Amino acid sequence: MANINENYLKLPGSYLFAEIAHRVAAYKEAHADADIIRLGIGDVTLPLPRVSIDAMHRAVDEMAEPATFRGYGPEQGYDFLIEAIRETNYRRRGISIDADEIFVSDGSKSDCGNIQEIFGTDCRVAVTDPVYPVYLDTNVMAGRTGALGADGRFAGVTYLPCTAENNFTPTLPTERVDMIYLCCPNNPTGTTLSRAALADWVAYARKNDAVILFDAAYAAYITEEDVPRSIYEIDGAKEVAIEFRSFSKTAGFTGTRCGYTVVPKALTGRAADGTRHPFNALWNRRHTTKFNGTAYIIQRAAAAIYTEEGQREIRDMIAYYMENARMIREGLAAVGLEAYGGINAPYIWLRTPDGMRSWDFFDKLLHEAHIVGTPGTGFGPCGEGYFRLTAFNSHENTARAVARFAQLK
Ligand code: MLT
């Protein structure tokens with residue numbers, strides 16, 4: 001008889017966005033004519049940059065010829081993409097990252113979920129509350145969290161509340177933790193950590209021999225000059241941090257899948273016998289064992305965004321979404337709703353009116369305004385009373401959604 005991994009039984013029945021899709025489908029089934037505007041899952045709506053499409057066409061043609069056909073590529077990614085990443089995202093910002101510290105993958109969600117495999121199962125995990133569910137759920141699956149309590153929290157996890165009251169900046173834990181997930185710009189709150197706050201976290205990690213798992217999937221959305229784009233802008237971070245980056249929101253790759261993870265060689269962890277080992281070697285071992293590389297065609301598409309034309313195209317694409325973010329922020333303010341984010345991120349985090357519960361507000365919006373958003377509580381107990389809207393839609397739909405908010409009773 002094969003036993004199951006019982007840790008899975010500790011998880012809520014379905015993944016947040018699957019639950020939302022299910023509820024919306026049920027509503028649509030009963031109200032076929034409802035003109036629903038989707039501001040729920042953070043999925044892009046604009047097509048891929050032209051440079052990426054052209055690069056893919058060329059790569060497809062290469063695959064058709066014996067002389068240029070490619071089979072397995074390097075598991076860590078092709079040099080042409082790694083070099084473009086190093087140059088644009090790091091060297092130009094004064095950060096030196098070696099080529100063998102970058103691991104190209106099929107997206108940041110996979111990497112954020114898989115990274116915990118190279119940590120001991122006895123490591124204590126700290127997550128912000130609210131949090132992108134992948135960080136927490138994958139640690140539940142691995143057995144690192146204990147059971148879910150009646151308060152909606154796992155007994156063995158350190159939660160770092162992030163609410164309007166603390167300006168969405170997590171306070172350093174009083175107990176020792178080993179793995180700290182930070183997402184900046186933040187999903188779901190759309191807020192950022194200041195350079196000083198991030199420096200405090202790096203100092204904490206250095207002092208406590210902890211590792212920061214820094215998700216910078218939304219870095220391209222930062223508009224304010226002083227917000228760090230990479231954790232490696234903070235002195236000493238290379239010894240304590242892993243960074244995740246994504247092409248999904250940066251360049252519209254949600255359906256095309258490409259991301260990368262930086263694991264500096266200076267970052268080490270301890271074995272039970274006290275010896276220290278670089279996480280880079282562990283991640284390389286995992287990557288080469290479980291992954292055969294991102295498709296050549298996709299890597300060509302990703303590399304194309306680092307050309308001058310590609311950079312211009314993605315800047316325009318992001319500006320388009322950020323105009324939606326502005327419309328939503330100002331529209332919510334105009335009807336007296338308190339909202340955060342939307343300046344350095346494509347997410348707007350609003351306080352529900354009259355202290356409504358998040359899922360109640362979800363139902364109200366869906367039923368009365370035909371707008372889909374994401375209930376804050378889906379991201380953690382501190383998300384109760386909040387609600388997330390995304391900027392990923394057309395200007396027209398965003399304007400219509402804002403007008404519907406104004407009509408809401
Ligand atoms: C979200 O809506 O939070 C995003 O779709 C998350 C993701 O990129 O997986």
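Residues are numbered from 1 along each chain as its sequence is written. In this predicted model, local features need pLDDT of at least 70 and side-chain atom pairs count only at pLDDT 80 or more, while totals for chains, interfaces and linings use all residues.

The protein chain contains 12 helices and 15 strands. These are DSSP runs numbered from the N terminus (helices: H or I, at least four residues; strands: E, at least two). The radius of gyration, taken over C-alpha atoms, is 21 Å, close to the 22 Å that the globule rule gives for 409 residues, so the chain is as compact as a globular protein of that length. The globule rule is 2.2 Å times the number of residues to the power 0.38. Along the principal axes, the C-alpha atoms of the chain fill a box of roughly 60 × 55 × 55 Å.

The domain assignment gives domain 1 (13–47 + 309–407) and domain 2 (54–306). Such bounds come from an automatic or database domain assignment. The centres of the two domains, taken over C-alpha atoms, are separated by 25 Å. Contact joins 31 residues of domain 1 to 35 residues of domain 2; the criterion is C-beta atoms, placed from the backbone, within 7 Å. On the domain 1 side, helix H10 (308–334), strand E11 (339–341) and strand E12 (347–351) each give two or more residues. H10 gives the most, with 6 residues. By class, this side has 19 nonpolar, 10 polar and 2 charged residues. Ala, Val, Leu, Ile, Met, Phe, Trp, Tyr, Cys and Pro count as nonpolar, Asp, Glu, Lys and Arg as charged, and the others, Gly among them, as polar.

An open sheet is formed by 7 strands in the order E2-E8-E7-E6-E5-E3-E4, with mixed pairing. Two strands pair if DSSP finds at least two bridges between them. Strands E2 (102–105) and E4 (157–161) stand at the edges, each with a single partner strand, so one side of each lacks a neighbour in the sheet. Neighbouring strands are turned by 20° against each other on average, direction ignored. Axes here are lines fitted to C-alpha atoms, for helices over the stretch in contact, and angles run from 0 to 180 degrees between N-to-C directions. Strand E3 (residues 125–129) pairs with strand E5 (residues 179–183) in the parallel sense over 3 bridges. Alanine 126 has isoleucine 180 in E5 as its bridge partner.

The ligand is surrounded by Ile41, Gly42, Asp43, Lys109, Asn187 and Ser248. A residue is near the molecule if its C-beta atom, placed from the backbone, lies within 6 Å of it. The shell divides into 1 nonpolar, 3 polar and 2 charged residues. Domain 1 and domain 2 each supply at least three residues to the shell.

Definitions and conventions. Contact = placed C-beta atoms within 7 Å.
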